[in-house]
Amino acid sequence: MTIKFIGTGSGIISEKRFHSSILLETEKSNLLIDVGDGISKALLFQKIPFCNIQNILITHSHPDHLSGIASLIMQMKLQERLNPLNIFIPTELLQSLNTLLKIHYLFPENLKFKLNLVGCDFNIKNKLENNFYFIFMKNSHITEEKIINHIYKNIGFVSASVFIHCEDMNIAYTSDIGKVEDLYLFDDLRCNLFISESTHISNEEIYRAFIKSGSEKLILTHIENEMEIYDWYQKLTELQRNSIIIAEDGMSLDLKELFASG
Ligand SMILES: [Zn+2]
Ligand SMILES: [Zn+2]
């Protein structure tokens with residue numbers, strides 16, 4: 001299985017990094033996690049054919065995670081895609097996604113491929129193929145919207161971290177989180193790989209949670225402050241640095257090789 005970092009930036013637009021997005025690929029299947037503003041161009045840069053993407057997962061509806069979905073589907077339509085596409089999103093956000101696509105003139109009836117929008121409840125296994133599933137875990141990243149929840153009753157405001165099981169490996173992906181406790185959602189799940197955002201939480205807190213999780217490798221993404229993260233990394237011991245990877249756009253890792261090399 002390979003994991004490719006399509007984008008590794010934060011919500012702030014940057015010359016160096018596209019917004020955070022990850023592509024997981026097995027021999028039979030693949031899963032694109034998050035489709036923020038500019039995702040089509042980011043995929044083009046990484047030479048990923050749009051029509052090869054089988055499954056898309058959206059963790060929450062901030063623009064750096066969701067806003068590229070309509071233009072990506074439009075590109076697929078223009079390329080006359082025929083194979084089905086599944087989009088997985090927390091159930092609370094399903095209706096909003098439906099509306100978003102329709103106001104972009106993307107109607108299922110006008111597409112030559114089957115578009116499956118799937119609302120997923122938290123803490124439930126969602127199977128993509130044999131030995132490949134994911135579970136949405138609710139985190140506290142989306143909080144300010146609670147204040148206006150009573151005005152916009154029809155819009156769900158939730159945010160998910162993701163646990164992924166693929167080819168006997170367990171992966172924790174925080175996506176965007178709100179507080180330190182969210183780093184510990186994966187306790188007891190015995191993850192081999194811990195992937196964390198690094199914008200809303202300190203590197204020290206992330207590293208502490210990674211050690212407690214018993215995972216073998218930590219990958220930091222959703223990078224906002226380049227100087228700060230590399231400065232922090234340089235101050236670590238060699239042993240600590242060996243277990244940490246700071247993601248960059250286009251970085252591709254074969255997970256079997258990564259864990260075989262230690
Ligand atoms: Zn973000
Ligand atoms: Zn966010």
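F163 stands opposite A172 in β10, within a pairing in which strand β9 (residues 160-166) and strand β10 (residues 169-173) run in the antiparallel sense over five bridges; strands count as paired if DSSP finds at least two bridges between them. This is a predicted model, in which local features need pLDDT of at least 70 and side-chain atom pairs count only at pLDDT 80 or more, whereas totals for chains, interfaces and linings use all residues. Residues are numbered from 1 along each chain as its sequence is written, while chains are lettered from A and ligands numbered from 1 in the order in which they are written.

**The chain as a whole**

- The secondary structure of the chain comes to eight helices and 14 strands, these being DSSP runs numbered from the N terminus (helices H or I, at least four residues; strands E, at least two).
- The radius of gyration of the chain is 18 Å, close to the 18 Å that the globule rule gives for 262 residues, so the chain is as compact as a globular protein of that length; the radius is taken over C-alpha atoms, and the rule is 2.2 Å times the number of residues to the power 0.38.
- Buried residues make up 40% of the 262 residues, where buried requires 20 or more other C-beta atoms within 10 Å of the residue's own, exposed 12 or fewer, and partly exposed lies in between, with C-beta atoms placed from the backbone.

**The sheet that holds β9 and β10**

- An open sheet of seven strands has the order β7-β8-β9-β10-β11-β12-β13, with mixed pairing.
- At its edges stand β7 (125-129) and β13 (244-246), each with a single partner strand, so one side of each is left without a neighbour in the sheet.
- β7 pairs with strand β8 (residues 132-138) in the antiparallel sense over four bridges, with E129 opposite F132 in β8.
- The hairpin of β7 and β8 has two residues between the strands, and N131 takes a positive phi near 65° there.

**The other seven-stranded sheet**

- Seven strands form an open sheet in the order β6-β5-β4-β3-β2-β1-β14, and the pairing is mixed.
- Its edge strands are β6 (115-120) and β14 (252-254), each of which pairs on one side only.
- β1 and β2 pair in the antiparallel sense over five bridges, and the bridge partner of T2 in β2 is E25.

**Helix α5**

- In helix α5 (residues 203-213), N203, I206, Y207, A209, F210 and S213 are buried.
- Seen down the axis of α5, these buried residues fall within an arc of 165°, so they line one face of the helix; the arc is that of the directions from the helix axis to the C-beta atoms.
- The face of α5 turned away from its buried side carries the exposed residues E204 and K212.
- The buried residues of α5 pack against β10, β11 (193-197), β12 (217-221) and α6 (226-234).
- Just after α5, G214 takes a positive phi of about 75°.

**Surroundings of S10**

- S10 is found in the loop between β1 (2-7) and β2 (21-25), and counts as buried because it has 21 C-beta neighbours inside 10 Å.
- Leaving aside its neighbours within four places in sequence, S10 is in contact with D64, T199, H222, I223 and E224, contact meaning that the C-beta atoms of two residues, placed from the backbone, lie within 7 Å.
- The C-alpha atoms of S10 and H200 are separated by 9.6 Å, although the two residues are 190 residues apart along the chain.
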